[in-house]
Amino acid sequence: MSKVSSRQRPKLALIIPAHNERVVIGSTIQSAIAAGMPKEHIYVVDDASTDSTAKIAAKIIGQANVLRVGRSGKAGAVRKAFDCFSIAERYQWVHVADADGVFGEGYFAALIPRLTRKYAAATGHVQSLPGGWISQFRTYEYTIGLEIMRRIQAWLGVITVIPGPTSCFRTDIFQKIDFSDTSLTEDFDATLQVHRRNLGKIAYIPEAKAYTQDPKDFHDFKVQVARWYRGFFQGVKKYGIGFKPRKIDGYIAYMFGETILMTIELLAVMILA
């Protein structure tokens with residue numbers, strides 16, 4: 001069989017890994033369809049769920065687009081779906097999304113036209129779903145981090161994280177990234193690989209808005225933040241960030257130095273107050 005040219009292939013496939021997500025998987029898939037994603041290009045990989053996750057997904061997108069696998073973790077499940085559904089041969093780009101996320105109105109209409117060969121990966125804009133004080137705090141964080149800093153990062157070519165709810169890769173690039181479960185923050189790890197391996201530019205598309213579920217209480221919030229920081233230092237060590245003459249090294253070193261300075265200033269104020 002002759003290889004299908006990139007112009008003939010559909011532009012985008014959506015993979016949603018899920019483990020015991022019967023409560024939210026239906027609404028996540030429906031939000032993707034409402035946001036402009038044809039259901040025939042949506043694939044759900046059920047990561048050893050013990051509930052009705054796979055059954056609910058199959059009712060919406062068809063049994064042929066649902067894959068059930070043994071416990072593999074998010075990264076392993078996505079890789080198995082990528083191979084099983086021959087995503088590289090059939091699509092130009094692949095989007096990976098969280099099972100508990102929600103796509104905003106017109107998400108794919110804003111995203112798909114921007115997915116060109118100029119970029120290796122792309123990310124949209126992440127917002128918090130309505131909730132308590134944690135969601136309100138995250139709204140502030142995302143406003144500063146995405147509305148302001150992410151635009152600056154995109155302009156400088158130093159986007160540090162392609163977030164889980166809105167991560168998109170060219171299929172030929174996706175095959176060159178190691179999505180191993182040894183990383184505490186696979187999205188940060190994958191982004192650093194794009195930079196370290198010179199795979200290409202990362203696009204930021206703020207008009208493509210996705211919504212994510214924040215931790216329900218302070219304990220879960222603390223665990224999540226601790227994992228993020230441990231994952232950050234894990235990635236910095238693994239890829240030798242700060243020790244090579246690259247823009248991403250300079251930018252992360254600047255961020256790290258600024259954080260240390262702010263911590264010292266805060267401690268000084270507390271001591272002298």
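Are Phe103 and Phe108 buried or exposed? Both Phe103 and Phe108 are buried, and buried here means under 20% relative accessible area, with exposed over 50% and partly exposed in between (1.4 Å probe, protein chains only). What you're looking at is a predicted model, where local features need pLDDT of at least 70, side-chain atom pairs count only at pLDDT 80 or more, and totals for chains, interfaces and linings use all residues. Residues are numbered from 1 along each chain as its sequence is written, and side-chain values use heavy atoms, with hydrogens and water left out.

**View 1. Here are the aromatic rings that pair up.** The structure holds nine aromatic pairs. Rings of Phe, Tyr and Trp (its six-membered ring) pair if their centres lie within 6.5 Å; planes under 30 degrees apart count as stacked, over 60 as edge-to-face and the rest as tilted. Take Tyr43 and Phe85: their ring centres are 4.6 Å apart and their planes meet at 35°, so this pair is tilted. Tyr43 belongs to strand β2 (residues 42–47) and Phe85 to the loop between α3 and α4 (87–90), so the pair ties together parts that are 42 residues apart in sequence. Helices (H or I, at least four residues) and strands (E, at least two) are DSSP runs, numbered from the N terminus. Tyr43 and Phe85 are both buried. Phe103 and Phe108 pair up as well, with centres 5.0 Å apart and planes at 45°, so they're tilted. Tyr43, Phe85 and Tyr91 form one aromatic cluster.

**View 2. Now for a charge over a ring.** The charged end of Arg79 sits over the ring of Phe82, 5.7 Å from its centre. To count, NZ of Lys or CZ of Arg has to be within 6 Å of the ring centre and within 35 degrees of the ring normal.

View 3. On a 1 Å grid over the protein atoms alone, a cavity is a set of points where a 1.4 Å probe fits but cannot get out, while a pocket is an open set with protein on both sides within 12 Å along at least five of seven lines; lining residues have an atom within 4 Å of a point. Helix α3 (73–84), strand β7 (167–170) and helix α8 (186–196) each supply at least two lining residues.

**View 4. Next comes the second largest cavity.** This cavity holds about 40 Å³ of space. Phe103 turns up again here, lining the cavity along with residues including Ala97, Asp98 and Tyr211. Strands β5 (102–103) and β8 (201–212) each give at least two residues to the lining.

**View 5. Here is the second largest pocket.** The volume of this pocket is about 420 Å³. Of its 20 lining residues, Gly157, His195, Gly200, Lys201 and Lys247 lie nearest the centre. Strand β8 gives the largest share of the lining, four residues.

View 6. Thr185 sits in the loop between α7 (171–174) and α8, and counts as buried because its relative accessibility is 5%. Leaving out residues up to four places away in sequence, Thr185 touches Arg227, Trp228, Gly231 and Phe232 (contact means heavy atoms within 4.5 Å). Lys59, in helix α2 (residues 53–61), counts as exposed because its relative accessibility is 69%.

Methods. Grid points are joined across faces, edges and corners, and a volume is the space filled by probe spheres set on the points.
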